[in-house]
Amino acid sequence: MRAPDLRAARVAKEWSQVEAAERLGVSQPYLAMLERGQRRLTPKLAHRAAKVYTVVPTAVPRSQRELPPRLNAATLARDLAGLGYPGLAYLRPRHWTPKNPGDVLLGALAQDDLEPRLVEALPWLVLRYATLDWSWVVREAKLRDLQNRLGFVVSLARQLAVRVGDERNARPLVDLEEHLDRSRLAREDTLCRASLPEPERRWLVEHRPDAAKHWNLLTDWTADALRYAA
């Protein structure tokens with residue numbers, strides 16, 4: 001969130017600087033300096049502003065923290081519900097701190113093991129928030145050797161877009177796939193199922209879908225198995 005975004009969000013609410021400053025817990029002169037770019041917007045205040053102004057999730061500041069090696073499944077489920085995932089609508093929290101969808105996506109992909117209901121939500125997340133800052137997401141994925149998992153999920157999202165006739169989002173996802181393909185890893189991985197039993201691993205080597213084979217992943221997920229499109 002930049003200074004112009006901060007001002008635009010306030011104007012969209014039709015609040016004066018005095019009203020907005022009170023809601024943000026800062027003084028009006030300080031807010032004025034923030035909106036002019038004369039003071040740095042701290043991550044804490046940026047998240048508070050995102051919540052107060054109810055900005056779109058893609059405008060929520062990205063996390064400055066490292067991806068958690070083990071993410072609580074209930075927390076991830078609530079985050080996906082908060083972002084509007086219909087498969088977990090019953091978990092949608094009344095009071096939820098907005099999170100950038102890119103943070104949620106990367107955090108999920110970094111997990112060794114993830115519940116199938118949460119894995120199923122990831123292509124929806126990519127398609128629903130296709131205007132993400134993908135250069136940042138791809139860069140972070142590469143730093144953690146997650147480009148194969150991300151590439152496969154993007155492939156599923158692109159197939160979903162085609163299935164529902166969403167050409168507007170399908171084309172950028174094709175370009176994103178091609179970009180990720182140039183850094184595709186040769187080593188074999190799973191789609192967040194490190195605990196996959198050896199017999200199932202051997203079976204998937206022979207019977208996995210073509211897209212999974214291309215991305216060197218042991219998984220049987222296909223676009224046809226997904227229940228939700230954006």
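**The surroundings of W96**

Find which residues W96 is in contact with, leaving aside its neighbours within four places in sequence.

Solution. Go through the heavy atoms and keep pairs within 4.5 Å, which is what contact means here. That gives K51, R78, D79, G82 and L83. Before going on, a word on the source: this is a predicted model, in which local features need pLDDT of at least 70 and side-chain atom pairs count only at pLDDT 80 or more, while totals for chains, interfaces and linings use all residues. Residues are numbered from 1 along each chain as its sequence is written, and side-chain values use heavy atoms, with hydrogens and water left out.

Helices here are DSSP runs of H or I with at least four residues, strands are runs of E with at least two, and both are numbered from the N terminus. Last, look at the accessible area: W96 has a relative value of 18%, so W96 is buried. (Buried is under 20% relative accessible area, exposed is over 50%, and partly exposed is in between, with a 1.4 Å probe and protein chains only.)

Work out which residues of helix 3 (28-35) are buried, and how they are arranged around the axis.

Solution. The buried ones are L31, A32, L34 and E35. They cover an arc of only 160° around the axis, so they lie on the same side of helix 3; the arc is taken from the directions from the helix axis to the C-beta atoms. Then ask what they pack against: helix 1 (3-13), helix 2 (17-24) and helix 4 (43-52).

Now check the two ends. At the start, a side-chain oxygen of S27 comes to within 3.2 Å of the backbone nitrogen of Y30. Just after the helix, G37 has a positive phi of about 80°.

**Two helices crossing**

Describe how helix 2 and helix 3 meet.

Solution. Two packed helices are described by the angle between their axes and the distance between the axes. For this pair, the axes come within 9 Å and cross at roughly 100°. Helix 2 is therefore roughly perpendicular to helix 3. (Under 35 degrees counts as roughly parallel, over 145 as roughly antiparallel, 65 to 115 as roughly perpendicular, and the rest as oblique.) The axes are lines fitted to C-alpha atoms, for helices over the stretch in contact, and angles run from 0 to 180 degrees between N-to-C directions. To finish, list who makes the contact: Q17, V18, A20, A21 and L24 on helix 2, and Q28, L31, A32 and E35 on helix 3.

Say how many residues of helix 6 are buried, and what covers them.

Solution. Counting gives 9 of 9 residues buried. The cover includes helix 5, helix 8, helix 9 and helix 10. At the start of helix 6, a side-chain oxygen of N100 reaches to within 2.8 Å of the backbone nitrogen of G102.

Zoom in on L105: leaving out residues up to four places away in sequence, L105 touches L122, L125, V126, W134, V137 and L150. Then zoom out: the largest nonpolar core has 50 residues, and L80, L105 and L150 have the most contacts inside it. (Such a core is a set of buried Ala, Val, Leu, Ile, Met, Phe, Trp, Tyr and Cys residues joined through side-chain atoms within 4.5 Å.) Helix 10 gives the most to this core, with 8 residues. There is also a second, separate core of 14 residues, with W15, A20, L24 and A49 among them.

Solution. D145 has a positive phi of about 55° although not a glycine, and its loop runs between helix 9 and helix 10. With a relative accessible area of 36%, D145 is partly exposed. N216 has phi near 55° and lies in the loop between helix 13 (210-214) and strand 2 (217-218). At 18% relative accessible area, N216 is buried.

Definitions and conventions
A polar contact is a pair of N or O atoms within 3.5 Å; within protein, one must be able to donate a hydrogen and the other to accept it, and residues adjacent in sequence count only if both atoms are side-chain atoms.
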